[in-house]
There are 2 protein chains.
Amino acid sequence: MPRIDPDRLLTDLRALRAIGAQGRGVVRPAFSATDMKARRWLKSRYEEAGLDATIDGVGNVIGRSRSPGKALLIGSHSDTQPTGGWLDGALGVIYGLEVVRALAADALTRALPVDAVSFQDEEARFVGCLGSRSLIGALTRGMEDGAADSRGTALADALREAGLAGVPRLRLDPDRYAGFVEPHIEQGPHLEDAGRRIGVVTGIVGLRGVRFVLRGQQNHAGTTMMARRRDAAAALYELAYRINQEFPTVAGPRSVWTMGRVRIEPNAASIVPGYAELDLQFRDPEDAPLEAFDDVVARLVKEMNARGGVAIEAIRARAPIRPSRMDPRLQSHIEAAAERHAPGLWQRMPSGAFHDAGIVSERLPSAMLFIPSIGGISHDFAEDSRDEDIVLGCQVIADAAASILAEANATR
Amino acid sequence: MPRIDPDRLLTDLRALRAIGAQGRGVVRPAFSATDMKARRWLKSRYEEAGLDATIDGVGNVIGRSRSPGKALLIGSHSDTQPTGGWLDGALGVIYGLEVVRALAADALTRALPVDAVSFQDEEARFVGCLGSRSLIGALTRGMEDGAADSRGTALADALREAGLAGVPRLRLDPDRYAGFVEPHIEQGPHLEDAGRRIGVVTGIVGLRGVRFVLRGQQNHAGTTMMARRRDAAAALYELAYRINQEFPTVAGPRSVWTMGRVRIEPNAASIVPGYAELDLQFRDPEDAPLEAFDDVVARLVKEMNARGGVAIEAIRARAPIRPSRMDPRLQSHIEAAAERHAPGLWQRMPSGAFHDAGIVSERLPSAMLFIPSIGGISHDFAEDSRDEDIVLGCQVIADAAASILAEANATR
């Protein structure tokens with residue numbers, strides 16, 4: 001069985017952390033200067049590991065093995081949230097690199113082809129999972145046209161500034177691969193609460209989003225009597241409160257919903273707002289609760305619009321995500337490796353967060369491994385995991401990769 | 001009786017509009033380059049009208065008559081909202097200038113002393129009615145210390161950048177004055193709806209403000225189960241909705257309340273917000289409803305805090321305003337002039353908006369005149385009034401000024 005090098009693994013993880021580091025966190029949003037710097041650094045690391053490496057036209061970094069036979073694709077994303085943690089995405093990217101090196105260092109696994117990848121814009125600065133969507137051929141013009149970040153920068157401009165205009169975009173060749181494995185931090189508290197060190201992911205929750213646009217009449221907060229107002233913010237508060245009251249009545253046991261972004265115009269204490277936006281996002285491992293939430297939203301908007309006053313428009317997010325299942329065969333390889341290195345300390349679990357594996361699973365058998373997040377904290381500068389869990393997770397992936405590839409190439 | 005010059009009045013109003021004009025509106029917030037340019041322009045206009053003019057250490061522009069006897073102070077403010085209308089404040093400032101000129105042009109009124117004023121920061125970029133508070137000696141260190149605008153610029157820095165650091169601040173000498181008159185647009189729809197052309201203000205509503213600071217825990221919107229969340233935005237929506245549900249049960253007939261400013265951190269659709277702010281402002285001509293609103297706020301905050309989860313802090317605004325009464329004697333002079341020029345087309349009314357007259361009335365007998373706002377619209381680029389109403393209002397003020405001063409100086 002291959003042996004990973006813990007020092008080399010942690011050193012490279014910290015080297016990646018340093019690109020865009022701010023305090024304990026990392027600021028490396030997709031296509032930013034720090035993001036592109038990290039991608040060029042990764043490309044050179046892939047090449048040093050013996051891979052043929054490319055940065056494609058959407059910023060995906062892909063390192064391809066020169067060995068023949070069915071390959072395994074391992075990786076995640078290296079872009080971060082606007083104020084992100086150091087392991088979200090980065091962990092799986094550096095695992096991919098280290099597994100390539102560990103297998104190459106062992107005579108028994110040297111010939112097994114492992115490709116490494118860092119996808120672009122998983123964190124949805126422009127389009128969530130932009131890179132993996134592009135790789136599998138599922139990035140539509142409708143998703144790209146008019147895509148802009150929260151400051152109004154257009155995707156096309158960000159691509160040009162990153163030097164990617166006109167650069168070819170790679171397409172996945174499904175015949176090349178036995179599958180895709182994405183290692184990741186859990187980003188939740190379940191493993192830590194249960195005292196487990198490894199999670200083997202059974203499926204990834206589906207996700208839908210709605211942007212509510214509320215249009216009223218801006219006016220003076222002192223002279224406009226209450227009965228005469230068309231206050232966009234007051235309508236927003238009511239809509240959000242009622243969603244939070246009604247969703248629990250149709251929710252599944254693992255449903256979550258969030259209204260984390262608001263815009264109010266002109267956002268001044270002494271002006272009745274004439275315009276507001278509210279983003280709603282909801283997730284579930286099953287389709288039925290997602291449908292039920294959509295129905296509640298439609299009913300509330302219809303009811304509030306029937307009153308007159310503020311007009312509410314519900315705009316569906318451009319890239320909804322269906323619940324996806326991870327491949328049972330790949331899962332069983334990861335489970336066997338987890339039981340070998342951490343007997344009794346692993347578990348099966350769904351992923352509440354979305355990941356590139358949810359996209360890639362539309363084309364390739366896919367699997368995910370989780371390691372614990374300290375305190376369950378993620379999407380925050382405080383995000384962290386214990387070094388021994390980081391090392392353990394990589395060793396489990398290295399073992400699983402060897403057994404997946406041995407099986408895939410033996411049965412041809 | 002003095003005759004104002006309609007062309008001169010409208011020409012100067014439009015000249016002031018041009019300083020900071022954007023489309024139909026004006027962007028001239030307190031201490032901005034356009035605001036200070038407008039103040040220097042006003043100072044020279046005051047001087048051309050024969051006044052001794054000064055820009056004092058907070059930016060007030062004051063033009064003093066050289067005539068002996070009790071003086072009348074006339075004016076308003078020339079700073080605007082971040083995206084303001086062209087008449088809010090500017091109307092009363094140019095009326096003051098025109099009344100000085102009209103009285104000086106008539107042999108019968110030439111000796112009557114009228115001072116003109118443009119106060120600073122009525123619109124609360126830093127401290128609402130900063131200039132009039134300073135003039136009457138009611139601007140406390142507590143109001144100034146730490147005062148900053150919505151972008152975090154400190155008042156002290158804004159004063160320095162405007163060239164006002166170390167410039168003396170003028171103090172009102174109550175013995176000099178028979179009173180203060182502030183002409184203003186109504187900023188509401190009442191005059192237009194009633195078919196009246198002049199409003200004589202009986203009193204100004206009181207105003208209190210609360211900033212709610214809500215502290216929860218930032219986390220991942222996919223992996224953090226609902227039961228575990230401490231979502232600052234969800235608490236904000238509930239608090240705001242319940243305020244809008246409960247305030248009507250204790251409100252007076254003219255009560256208004258507004259929650260026009262929200263801040264959510266980090267304000268991203270896929271992150272459970274850990275921090276939020278909500279500004280609540282409420283107004284009434286009487287103290288009792290203001291007290292009742294304060295009680296509702298205290299009860300709701302106590303109740304929500306008792307649940308644990310998100311912690312809510314209610315911070316009182318630094319400069320609350322008590323309801324104020326306009327002087328009956330000054331009102332009767334304005335009413336007589338209004339009846340002379342627009343018989344049957346004027347009315348008494350309270351002011352729902354706050355004005356510098358509410359501050360000055362603490363030291364001097366004060367009065368206000370309103371002209372109609374088209375569509376009741378204000379604090380918006382679309383704010384406007386009809387030329388004939390602008391001219392009529394100024395003539396009424398000129399007549400009233402002459403009769404107020406004749407009486408004040410005859411009875412000494």
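## How the two copies meet

Contact here means heavy atoms within 4.5 Å. This is a predicted model. By that contact rule, 100% of the interface residues of chain A are also interface residues in chain B, so the copies meet through the same surface.

The symmetry can be stated in numbers. A rotation of 180 degrees, with 0.0 Å of shift along its axis, superposes chain A on chain B, and the RMSD is 0.1 Å. The two copies are thus related as by a two-fold rotation axis. Which residue of chain A comes closest to that axis? Tyr237(A) does, with its C-alpha at 2.4 Å.

## The four-stranded sheet of chain A

Chain A holds an open sheet of four strands in the order E11-E13-E9-E14, with antiparallel pairing. Strand E11 (256–265) and strand E14 (311–316) form its edges, and each pairs on one side only. Neighbouring strands are turned by 20 degrees against each other on average, direction ignored. E11(A) runs antiparallel to strand E13 (residues 275–284) of chain A, and eight bridges join the two. Within this pair, Trp257(A) stands opposite Phe282(A) of E13(A).

Two helices pack on this sheet. H8(A) touches strand E9 (206–215), E11, E13 and E14 of chain A, and its direction makes about 15 degrees with that of E13(A). Helix H9 (residues 287–306) of chain A also touches E9, E11, E13 and E14 of chain A; its direction makes about 10 degrees with that of E9(A).

## Helix H8 of chain A

H8(A) covers residues 232–246, 15 residues in total. From first C-alpha to last it reaches 21 Å, close to the 21 Å expected at 1.5 Å a residue. At the start of H8(A), a side-chain oxygen of Asp231(A) reaches to within 2.9 Å of the backbone nitrogen of Ala233(A).

Is H8(A) largely enclosed or largely open? Buried means under 20% relative accessible area. By that cut-off, 13 of the 15 residues of H8(A) are buried, so the helix is largely enclosed by the rest of the structure.

E11(B) pairs with strand E13 (residues 275–284) of chain B in the antiparallel sense, over eight bridges. Val256(B) has Arg283(B) of E13(B) as its bridge partner.

Strand E5 (residues 71–77) of chain B is mostly covered: seven of its seven residues are buried. E5(B) has parallel partners. Four bridges link E5(B) to strand E7 (residues 177–185) of chain B, with Ile74(B) bridged to Val181(B). Six bridges link E5(B) to strand E6 (residues 114–119) of chain B, with Ser76(B) bridged to Ser118(B).

Ser78(B) sits in the loop between E5 and helix H3 (90–104) of chain B. At 0% relative accessibility, Ser78(B) counts as buried. Which side chain does Ser78(B) join in a polar contact of 2.7 Å? That of Ser118(B). Not counting residues up to four places away in sequence, Ser78(B) also touches residues including Arg28(B), Asp35(B), Arg39(B) and Phe119(B).

Notes
Residues are numbered from 1 along each chain as its sequence is written. Chains are lettered from A and ligands numbered from 1 in the order in which they are written. This is a predicted model: local features need pLDDT of at least 70, side-chain atom pairs count only at pLDDT 80 or more; totals for chains, interfaces and linings use all residues. Side-chain values use heavy atoms; hydrogens and water are left out. Copies are superposed by least squares on the C-alpha atoms of residues with pLDDT of at least 70 in both. Two strands pair if DSSP finds at least two bridges between them. The expected span of a helix is 1.5 Å times one less than its number of residues. Buried means under 20% relative accessible area, exposed over 50%, partly exposed in between (1.4 Å probe, protein chains only). A polar contact is a pair of N or O atoms within 3.5 Å; within protein, one must be able to donate a hydrogen and the other to accept it, and residues adjacent in sequence count only if both atoms are side-chain atoms. Axes are lines fitted to C-alpha atoms, for helices over the stretch in contact, and angles run from 0 to 180 degrees between N-to-C directions.
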